[in-house]
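Please look through the model below with these notes beside you.

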Amino acid sequence: MKRRKMYFRMITASLMRRRSRMLVALLAIAIGATILSGLVTIYYDVPRQMGAQFRNYGANMILTASDEKFTAADMESAVGYIEKNALVGAAPFKYESVQIHERPIMAAGTNLAQVQITSPYWQVSGEWPESTGQILVGTQVAETFRLKVGDTVAAAIGENEMDFEVTGILDTGGSEEEYVYMNLEDLEALSGVSDHLDVAEVSVSASAQELSDYVETINEKVPSVSAKLVKRLAQSETTVLGKLEALVLLVTVVVLALTMICVATTMTAVVTERRKEIGLRKALGASNTSIITEFMGEGLMLGGIGGIIGSVLGFLFAQFVSVNVFNSSSSLLPALIPITVIVSIVVTGLACLFPVRSATDVDPALVLKGE
C-alpha cells in the first residue's frame with residue numbers, strides 16, 4: 001500500500017513540476033475526448049432527430065386496398081403491427097367529386113386531427129376544422145370561388161347537399177390546394193357510402209430496414225391492405241443518415257489521431273528534458289521497467305483526467321449541436337462516460353509508447369558525461 005501511495009505521489013509531483021507541458025497534453029486529450037463523446041452522442045441521436053425532421057415532410061408509408069374494399073378496420077389492423085413508440089400518426093382518406101356552385105371539385109374526407117400530425121408542412125390560414133359542418137379549402141379552390149374564412153359554401157353529391165363553414169384556407173404549394181377537406185363522417189353522409197377508404201397515409205419513425213419490415217409484415221398479415229413506402233422520403237432519409245454517420249466516424253478518427261500526435265510530441269519533449277534524470281536513475285540501478293512504469297503512469301493519469309473532462313464537455317457539445325441544428329435535446333448516455341475515459345486512456349497509452357521506449361534507450365554513461 002505504501003509503494004502504491006509513493007508511486008502515485010511521485011507521478012503527481014512529476015506532472016505538477018511540468019505543468020505547462022502537461023497542460024498542453026491534458027488539453028489535447030480533453031478536446032479529443034470531448035469530440036469523441038459529443039459525436040458519439042450525436043451519432044446515437046441522429047436517426048431519431050433526423051427521423052423527426054423528415055416526418056415534417058409528410059408520411060413515409062401508404063396503405064391502399066389490395067382488392068376492391070379497404071375499410072377503417074383494415075387500416076387499424078395494419079397500423080397495429082407497427083410499434084406504438086414508432087407510430088407517429090395515421091390519416092385515412094376517402095375521395096369523392098362534389099358539386100360546389102355547380103362545378104365539380106374533388107373533396108377528401110379524412111381525420112383532420114391525424115392529418116395535422118402526418119402532414120405538418122400544411123400551412124392553414126385560419127383554423128383547422130374541428131367538428132362536422134366545417135371545411136378546409138385549398139388555395140386554388142378559394143381563388144376560384146372567391147371564398148374566405150368564415151364563408152358558408154354548399155357542397156352536393158347527387159341529391160345530397162350540405163352547408164359547410166370555411167374555417168381555413170390550405171396552402172401547400174402542391175396539388176392539395178385543388179381539394180377541399182372535411183371530416184370523414186361528413187363526406188360519408190354526402191356520398192351515402194360508409195366504411196370505405198381509398199388510401200391511408202402513415203407516418204412512422206423508424207430506420208429504412210424497420211420500415212421495410214413493417215411493410216412486409218402488413219402485406220403478409222392483412223391481405224386486404226397493400227402497404228408501400230414513399231421511396232423519395234425513405235431513400236432520402238437513408239442517404240442523409242449514411243453520409244452523416246460516415247462524417248461522424250471520419251471526424252472522430254481524425255481527432256483521435258491528432259490527439260495521439262499531440263500527446264506523443266509532448267511526452268517526447270518531456271523525455272528529452274529529463275534525459276539527465278533518467279541517466280542518473282539508471283546509473284543508480286533503476287530498471288527500465290521502473291522508468292517505463294513512471295512515464296506510462298503519468299500518461300495514463302493524464303488520459304483518465306482528460307477523459308473525465310471530455311465526457312462532461314462532450315455532452316454539453318452534443319446538446320449545443322442538437323438544439324441549434326435539430327431543435328431538440330440530446331439524451332445522456334451514462335455508458336458513454338466510462339467508454340470515453342477508457343478510450344482516452346488507451347489513446348494516451350499508445351501515444352506514450354514511442355517516447356517511453358526512447359527513455360529506456362538513454363545511456364547513463366553518455367548522459368552523465370554531458371554528451
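1. A cavity here is a set of points, on a 1 Å grid over the protein atoms alone, where a 1.4 Å probe fits but cannot get out, and its lining residues are those with an atom within 4 Å of a point. Grid points are joined across faces, edges and corners, and a volume is the space filled by probe spheres set on the points. The model is predicted, so local features need pLDDT of at least 70 and side-chain atom pairs count only at pLDDT 80 or more, while totals for chains, interfaces and linings use all residues. Residues are numbered from 1 along each chain as its sequence is written, and side-chain values use heavy atoms, with hydrogens and water left out.

2. How many cavities of 30 Å³ or more are there? The count comes to two, and the largest cavity holds about 40 Å³ of space. Its lining is made up of Ser37, Thr41, Ser311, Phe315, Leu332, Leu333, Leu336 and Ile337. At least two of the lining residues come from each of helix H2 (19-54), helix H10 (288-326) and helix H11 (336-360), where helices (H or I, at least four residues) and strands (E, at least two) are DSSP runs numbered from the N terminus.

3. Sorted by class, this lining of the largest cavity has five nonpolar, three polar and no charged residues. In this sorting Ala, Val, Leu, Ile, Met, Phe, Trp, Tyr, Cys and Pro count as nonpolar, Asp, Glu, Lys and Arg as charged, and the others, Gly among them, as polar.

4. The second largest cavity, with about 30 Å³ of space, is lined by Ile29, Gly32, Ala33, Leu256, Thr259, Ser344 and Val347. Two or more of these lining residues come from each of H2, helix H8 (231-273) and H11, and H2 gives the most, with three. By class, the lining of the second largest cavity has four nonpolar, three polar and no charged residues.

5. Strands pair if DSSP finds at least two bridges between them. Strand S1 (residues 61-65) is antiparallel to strand S9 (residues 199-204), with four bridges, and Met61 stands opposite Val202 in S9. S1 also runs antiparallel to strand S10 (residues 225-229), joined by five bridges, and there Thr64 stands opposite Ser226.

6. The count of disulfides (pairs of cysteine sulfur atoms within 2.5 Å) comes to zero. Is Cys352 buried or exposed? Cys352 is buried, at 1% relative accessible area, whereas Cys262 is partly exposed, at 26%; buried means under 20%, exposed over 50% and partly exposed in between, with a 1.4 Å probe and protein chains only.

Methods:
1 Å grid on protein atoms, 1.4 Å probe; cavity = no way out; pocket = protein on both sides within 12 Å on 5 of 7 lines; lining within 4 Å.
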